[in-house]
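Visitor: Before we look at details, please tell me how the terms are applied. I would like each label set against its cut-off.

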Amino acid sequence: MRFGRLAFTQRHERTPEERDLVRRLDIFLMTFGCVSQIIKYLDQQNISNAYVSGMKEDLGLNGNELNYFTTWFNVAYCIMLIPSQIILTYVRPSYWLPGLEICWGVITGLIAIVHSAKQVYILRVFLGLCESSAWPGMMTLFMHWYTPTELAKRMGFYHSCQAVGSMMSGALQVAIINTLHEARGLAGWRWLFIINAVMTVVVGILGFFLLPDLPNNVNPRAFWFKKGHEKLAMERLERHGRAEPKKMTWAGAKRTFANWVTYFIPVLYIATVLAAWGYSYFNLFLRSLRNPDGTPVWTTSQVNAIPIAGSAINVVFVWVWAILSDLLRTRWTLIVAQAVIGLVPCIAMSIWTSHPESTPLATAYASYFISYISLGTAPLIMAWLSDLLPQDPEARSLVVGVAIATYYAVSAWSQVLVWPAVQAPYYKYGWQTSIALWILVIVMACVLRYIDFKYLLPKREDFHATLIVGSEPSSSEPTGVEPELEDDDPKMPKSSARVAQV
C-alpha cells in the first residue's frame, strides 16, 4: 500500500458548517448512542455477574440455567429484530429507540424481585424484544449521517461501549457487593438490577431530544440541530454516492432478499462473533479455579474485577482497528488480521483444555486476555456493508437486521451445545469450533474482497455517476468532494480509487 493512498494525505478541508455538523453529531448522536450501548450491555452482562455473585444460590440454579437465560433472550431478540428495522423506517427513530429503552429499563428492574428461574426466563424474553432495536438501529443511523472515512471510527467507538459496559458491570457489582449487599434486606445482585433500571430509564428519556432522526426527516425536538444542517446532510449523502433514507417497501424487501450480499454478510458477521465467544466465559474460568485445599483461588469480587482488564484491552483495540480502517481505507485486511490473531488463543486453549495437567495455567490466562484483541470485527463489517451498498438504504437496513437476527438465532442454541456451563472451563468442543470459524472468516473476507472489486465496484461507480450528473447545477456550491477516498494515481479512475481499498 502506497503512502499516498492513506486517507489523511488527501483530506479535504471541510467548510466550517460541515465541521460544525459533524461535531454536533458526535456530541449528541454519538453521546446518546454510546451511553445507551453501555447501559444495554450492562443490562445484558449483569445476568452473568449476578449468577456468580449470589443469584445462583438464592434461586437454586444447579444446571445450565445461565445458558438458558441467554437462550430465551436471544430467541426474543431474534424474533423482533427485523420487524424493528422495518418499523424504524416508518416511525421516527427518536420515538422508537428511546421508547423501547425505557421499556427494557423497567423490565431490568423487575429482575430484582424474581424468586425462580422461570420468572427470569419470562423477563428475559421481554428484555430481548425491547433491546433488539438498539445496536442495529444505531448502526443504521450512523450509515445515514456519516461519510465513508468517518464511519468506521464512529462505529468502532460505539461498538467499544460494549466493553465499557462490561467493565462497568464488573466494577458496579464489586461496589454493590461491598456497599449495598443486604441493604434493606436485598442481596447485592438484586441491587445491581435496580440501579441499572434507573440508569436505563433516564437515558431513554434523553433520547427523545438527542437523536436527530434522518437527514431528510429531522427530529423537531433536536434542539441542537441548526437550520441549514438538514440540507448539508443531504448534500453529504449525495457527494459520497449514497441514496437518501426511505421507507421500507415490498419491492425493496424483495430486491434485498434476492441479493447474495444479504446472506454473505450475515454469515461473515456470525462467524466473527461466535469465533471469539470464548472470552465471555472468563469469569466462569476464574470461578472454577481451586487451591490445593479446595478453597477458591479468587473471591467473588475478584472474579468480577479481573475481566475488567480484558474489557480495557477490547476498548483499546476496537478503536485501533476502526481508526486504521478509515486511515488505511480498508476493511477486509483488518478483519483477516483479527482472525489470525484470534486463532492463537483458540489453539492454545484447545491444548490446555485437553491437557490441563501438563499445560501451564498461565497459558489459559494469557489466552483469555489475547482473545479480547479480536473483538473489533463488527464495526468493520458494518462499515464494509455501507461501502458495498451505498445506493440501497433499504437493503442496508434489512441486511443489518438479518445479520444480527441470524446471529441471535444461531447463538440461542449453539452456546448451550458448544459452551455448556457444566463443562466450564474444560469445554470439549468450544475452542476447536472457534478455530474452524476463524479460518472460515479468513476465507470469506478474501472472497468478498475479490467479488467486491470485480463485480460490485462498477455498479457503485455507475450509481455515483448518476448522482453527479443530477447535481451538476449546484456543483458550484462550496461543499467539496470526498478527498479522503480519492487517489492521485492518474492511471486509475477517481471513482474506482475511491472504493477500491475497501
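Guide: Start with the residue classes: Ala, Val, Leu, Ile, Met, Phe, Trp, Tyr, Cys and Pro count as nonpolar, Asp, Glu, Lys and Arg as charged, and the others, Gly among them, as polar. By these classes, the lining of the second largest pocket has 8 nonpolar, 7 polar and 5 charged residues. Keep in mind that this is a predicted model.

Visitor: What is the volume of the second largest pocket, and which residues are closest to its centre?

Guide: The volume is about 280 Å³. Leu88, Thr89, Tyr90, Leu214 and Lys246 are the closest to the centre, out of 20 lining residues. Helix H5 (134–145), strand E1 (213–214) and helix H17 (393–418) each contribute at least two residues to the lining.

Visitor: Why is Tyr90 called partly exposed?

Guide: Partly exposed covers the range between buried, under 20% relative accessible area, and exposed, over 50%. Tyr90 has 48% relative accessibility, so it counts as partly exposed. Tyr90 sits in the loop between helix H2 (65–87) and helix H3 (93–110).

Visitor: What makes Tyr90 part of a nonpolar surface patch?

Guide: A patch residue needs over 30% relative accessible area and no salt bridge, and nonpolar side chains are joined within 5 Å. At 48%, Tyr90 passes the area cut-off. The patch consists of Ile86, Tyr90, Val91 and Tyr95, and its area is about 360 Å².

Visitor: Are Arg92 and Asp213 buried or partly exposed?

Guide: The limit for buried is under 20%. Arg92, at 22% relative accessibility, counts as partly exposed, while Asp213, at 0%, counts as buried. Asp213 also has a positive phi of about 65° although it is not a glycine.

Visitor: Which other salt bridge links two helices?

Guide: Asp26 and Arg154 form a salt bridge, with 2.8 Å between the closest N and O atoms. Asp26 lies in helix H1 and Arg154 in helix H6, so the pair ties together parts that are 128 residues apart in sequence. Asp26, at 25% relative accessibility, counts as partly exposed, and Arg154, at 14%, is buried.

Visitor: How many residues apart are Asp20 and Arg24 in helix H1?

Guide: They are 4 residues apart, about one turn of the helix. Their closest N and O atoms are 3.0 Å apart, which is within 4 Å, and therefore Asp20 and Arg24 form a salt bridge. Asp20 counts as buried at 11% relative accessibility, and Arg24 is partly exposed at 23%. A search of the whole structure finds 14 salt bridges.

Visitor: Why is Arg329 called buried?

Guide: Arg329 has 5% relative accessibility, under the 20% limit, so it counts as buried. Arg329 lies in the loop between helix H13 (307–328) and helix H14 (332–354). Like Asp213, Arg329 has a positive phi without being a glycine, here about 60°.

Visitor: What joins Ala424 and Pro425?

Guide: A cis peptide bond, with omega about 0°. Pro425 is in the loop between H17 and helix H18 (430–470).

Terms used:
Residues numbered from 1 in each chain as written. Predicted model: local features only at pLDDT ≥ 70, side-chain atom pairs only at ≥ 80, totals over all residues. Heavy atoms only, no water. Patch = residues over 30% accessible without salt bridge, like charges linked within 9 Å, V, L, I, M, F, W, Y side chains within 5 Å. Areas by Shrake-Rupley, 256 points an atom, 1.4 Å probe, with all protein chains shown as cover. Salt bridge = Lys/Arg side-chain N within 4 Å of Asp/Glu carboxyl O. Buried < 20%, exposed > 50% of the residue type's maximum accessible area, 1.4 Å probe, protein only. 1 Å grid on protein atoms, 1.4 Å probe; cavity = no way out; pocket = protein on both sides within 12 Å on 5 of 7 lines; lining within 4 Å. Points joined across faces, edges and corners; volume = space filled by probe spheres on them.
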